[in-house]
Amino acid sequence: TDSRNCPKGSIFFALKGDKFDGNQYAGKALASGCVYAVIDNPDYYIGERTILVDNVLKTLQQLAHHHRKVLGLPIIGITGTNGKTTTKELLAAVLSTKFNLLYTEGNFNNEIGLPLTVFNLREEHEVAVLEMGISHFGDMEPLARIARPDVCVITNIGYAHLENLGTRDGILKEKTSMFDFMNPEGTVILNGDDDKLRGYTSKRGIQPVYFGLDPTCPFHAEQIQKMGLKGTVATFVTPSSSFSAHVSIPGDHMISNALAGVAVGYALGMKDEEIIRGIEKLVPIAGRNNLIEAEHYTIIDDCYNANPASMKSSLDVLAFADTRTVAILGDMGELGADEKKMHAEVGSYAVKKGISLLICIG
């Protein structure tokens, strides 16, 4: 998709953006080593090495779905308002102890990023974890059409993208539309601590499997021991066993994310010892609860993205520190009409958690 990076034998897809039109670069891509350029503007047709289609993005997505279908391996689709990337990283840590795994890297979770991730699937891969990010009504359908997940995971339904989706019920409707395109014999795994997900019934009649801190969930945690910024040790309870594991990233939300990993591991027939090994090898990624030890300070880099629930989770983690605590918080976007109230609630929460100093940017 970048005419400056055309490995020999590749195909260039002339995507359009707000500020660019990839059709203009088709000739450059061919000169740089691409064997074909896929375009949707006939003005840029320059012979048999250009393939003219109605819509380049749709063609890219259809080809990705075809690739996924040909390989036919199990796909785990993950979405949610908060924690989907961290949960994805945890799922990857767990599943990679048993399977040759491909998973979404970085933020390649949208209408372009997801098909590009799918194209990285090879015959040697045994399982794939695909993160699906949405912010508008209709965003989920093209992603779920490509992925056709066998296992669907939803981390929660929170307050984000309200500017576009209106209410949490709007978010629920859009996120759960993933189920419309999943394997009808597949598994739905939901956060049982979330009031919108608990008791949710899929139109396809698939009975969800619940994980959460609530002890009535089939997958839950007991004997939670908080170790400050060094993480948490807990006993993880499954329908058929229980085991102890150390989650290196602090916060109750990380126990919840780990429980999602346990539930997915069980759905794919993993053993407890494989799951424990995966949980305990998890390391933070940049921008998400990443602890940086400087000479005089410990910095918690959690600056990738934010909404009210994730902000409060970050403050929970900061409050574990047994020293002076400083929160440097920026704006939360796309919150709609109540944005001032939601920002104020986060400020009040910082006071409640005993944070020493709050610095607001933006």
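Arg148 is partly exposed, with a relative accessible area of 30%; partly exposed lies between buried, under 20% relative accessible area, and exposed, over 50% (1.4 Å probe, protein chains only). The model is predicted, so that local features need pLDDT of at least 70 and side-chain atom pairs count only at pLDDT 80 or more, while totals for chains, interfaces and linings use all residues. Residues are numbered from 1 along each chain as its sequence is written, and side-chain values use heavy atoms, with hydrogens and water left out.

Arg148 is found in the loop between helix H5 (140-147) and strand E7 (151-154). Helices (H or I, at least four residues) and strands (E, at least two) are DSSP runs, numbered from the N terminus. Most residues other than glycine have a negative phi. Arg148 is not a glycine, yet its phi is positive, about 40°. Gln223, also not a glycine, has a positive phi of about 50°. Gln223 is placed in strand E10 (residues 220-226) and counts as exposed, at 58% relative accessibility.

Helix H11 comprises 14 residues (339-352), which at 1.5 Å a residue should span 20 Å; the expected span is 1.5 Å times one less than the number of residues. The end C-alpha atoms of H11 are 20 Å apart, in agreement with this value. Met342, Val346, Gly347, Tyr349 and Ala350 of H11 are buried. Seen down the axis of H11, these buried residues fall within an arc of 155°, so they line one face of the helix; the arc is that of the directions from the helix axis to the C-beta atoms. The face turned away from the buried side of H11 carries the exposed residues Lys340, Lys341, Val351 and Lys352. Gly354, which follows H11, has a positive phi, near 75°.
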